[in-house]
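The following note sets out a few points for a colleague who is meeting this structure for the first time. Please read it alongside the sequence and the model.

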Amino acid sequence: MTHLAEVTIRTQDLDQAHADLLVVPLHNLAELEHDDLKQIAKKTRIDEVAQDEGFSAKKGQTLLFRGVKGLEAPRVLFVGLGEENKHVRASVVKAARIALDIRAKKVALYIPTKEETRLIVEGFLFGSYRFTRYKTVQDDAQNPARIDDLDLYGHPCKGRVKTALSFVTGIYLARDLGNTPPNDLYPETMAQAAVDLAKRHNMSHTVYDEKYLQDNGFNLLYAVGKGSQRQPRLIHLEYRPEGEVKRTIALVGKGITFDTGGYNIKTNGHILNMHLDMGGAAAVLGAAEIIGRVKPEGIAVHFVIASAENSVSSKAYLPNDVLKGLGGKTVEIQNTDAEGRLVLADALTYIQRSKPDEIIDLATLTGACVVALGDDTAALYSNDDNMVKGLLHAASENEESLWRMPLLEAMDSQLDSKIADMRNIGDRMGGSISAALFLKRWVDLESWAHFDIAGPAMATKDSDLSSAGGTGYAVATLASYLLEK
Ligand code: BES
Ligand code: ZN
Ligand code: ZN
C-alpha cells in the first residue's frame, strides 16, 4: 500500500511552522491582509513580487519563495485557488507536485477556512501520491522522495480532516490496485485484496471461484475468464450498520484484470494499459474502504466485483459462441472484446437476488465513451432521475467530471440476434449507449445507474487530479453519495 503522509493538526502561528515547505492556498491577494497571513506576506514581500510575476491567485497559479528571512520554513509556496471555488483540489494537487519536486519531507499546509478542509487536504494528498512499489531505487528524478509529514495550520476542522483521510485512503487503494501490473493483480489476488479489506473493517465476504461459477450458471463471467491460466472470481463484500437498515445499495464493478480483447484481439495502440480495465472494481473497493472506515448508520452496502482476465488460448471463448447468462437469457458472442458487459450481466443478476433498493455499476466499458466525452469525463446512465440528481451532486462536490447520457430505447434493437435472445455488440456508432442498453436488459429494478468510466479511470500522463495510471475515479463520488443517504 502506498504510504500516506502522517497528518497532524498544529495550533501554532503559521510563521512558526517547522517544515521544509510552507504551502499557502489563496483565493485572492486581499486574503494576505488576514491576521494569519500578515507576517508571511510581509516577510516574503509577496505584494511586490506577485505583481512582477503576474500572480493574482487565479486557480492553479503558484509562486515559490526560497530562503525567506525570519521564517522557520526555508520555502513558501503560494497557490491560487481562484474565486469560484471550483477546482480547489486540482490547484492544490499542483502544490503537492512542487513539494515533491523540491524534495520536501515535511510540509506545513495552511487551511483558510473550516469548510475547505476536505478539498485542500485531499488535493495535497492526491498530488503527493506516487506508486513506487516496483522501483528498486526509491528516490530519483522521476520518482521523487515521498512526503512523510503534513502539518495543518490555520482553520482545519478535525472531523473533516478525518473524513479527508478516509477518502484519500480509499482513493490510494483504488489507484494502487489499478497500478499493480497484471502479473501480480489478477482475479484471485483481487479477491484476496477484497477479503483483506473486509477483515480490516469487519464486513462479511464471499468469493466464488471458477468451479462455483461454472456449476451455478454464471456462464457469461465464466466464459470471459476461462481462457486464462488465471481463473475468474465473483467477489461479494457486505457492509451492515449497527441498528436499523433504512436503505440497501449495491455497487457492482467490472474487474477485468487484463483485456487482450480475446480472439477479437486488441492491436498495438489499444492493448497497452488494459490492466486498468478493472477501474470499476477499484472504485467499488475504494468506496468499500471508506465505508468501512466511516461506518455510516442506516445504510447497508453490497460491494460486488466480477473479475476475469480476458485472454487468448485454446480454452478461450469464441466469436459465435452462444451462452446463457445467470439471468436466463441467451447471448450470441459477436465480439470477444465486448467482455465487460458480459461479466457485469451475471454480477447484476446475482446481486438482484439480494433485493437491494438501488444498484450502481461502474465499468471501463467502451472506447466509444472516451470518444464522446473525452478523457476526463464519465458517462452516467440511469432510469432513476433522483439517483442522477444525487450522483451528479456528489460528483460535482468532489470535482469529478460526470455527464448524463441517454438510454435511447430506439437503439435497443441493435442488440437483437438472429439465433439468440441478444448479441453482445450494437452498431459501430453510439457504442457507449448500446453497451448501457445491453446492461439494462439484465436489470429489473427501477433504481439503477451505470457509470462508463473508460476515460477518467485511467490517465496516460499526469492529469489535474491524478498521476499517470489508475486514478481512483469515482471513489469519492460514490462514497459521498452513500454518506449522504
Ligand atoms: N475495456 C474496453 C473498453 C476501453 C477502451 C476501456 C479504451 C478503456 C479504454 C472494452 O472491453 C472494449 O474493448 N470495448 C469495445 C467494445 C466493442 C467491441 C463493441 C470497444 O470499446 O472497442
Ligand atoms: Zn474489451
Ligand atoms: Zn474491457
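**Note on a metal site and a helix residue**

1. Asp 259 has a relative accessible area of 3% and is therefore buried; buried means under 20% relative accessible area, exposed over 50% and partly exposed in between, with a 1.4 Å probe and protein chains only. Glu 339, at 0% relative accessibility, is likewise counted as buried.

2. This is a predicted model, in which local features need pLDDT of at least 70 and side-chain atom pairs count only at pLDDT 80 or more, while totals for chains, interfaces and linings use all residues. Residues are numbered from 1 along each chain as its sequence is written, chains are lettered from A and ligands numbered from 1 in the order in which they are written, and side-chain values use heavy atoms, with hydrogens and water left out.

3. The zinc ion (ligand 2) is coordinated at 2.0 to 2.2 Å by Asp 259 (OD), Asp 337 (O), Asp 337 (OD) and Glu 339 (OE). Donors here are N, O and S atoms within 2.8 Å of the metal (3.2 Å for Na, K and Ca); water is not among the atoms, so sites may look incomplete. Along the chain, the donors of this zinc ion follow the spacing D-x77-D-x1-E.

4. Asp 259 also coordinates the zinc ion (ligand 3), which is 3.2 Å from the zinc ion (ligand 2). Because Asp 259 lies in strand E9 (residues 247-259) and Glu 339 in the loop between strand E12 (330-332) and helix H11 (340-352), the pair ties together parts 80 residues apart in sequence. Helices (H or I, at least four residues) and strands (E, at least two) are DSSP runs, numbered from the N terminus.

5. Thr 189 lies in helix H6 (residues 187-200) and, at 25% relative accessibility, counts as partly exposed. Its C-alpha atom is separated by 9.8 Å from that of Arg 230, 41 residues apart along the chain.
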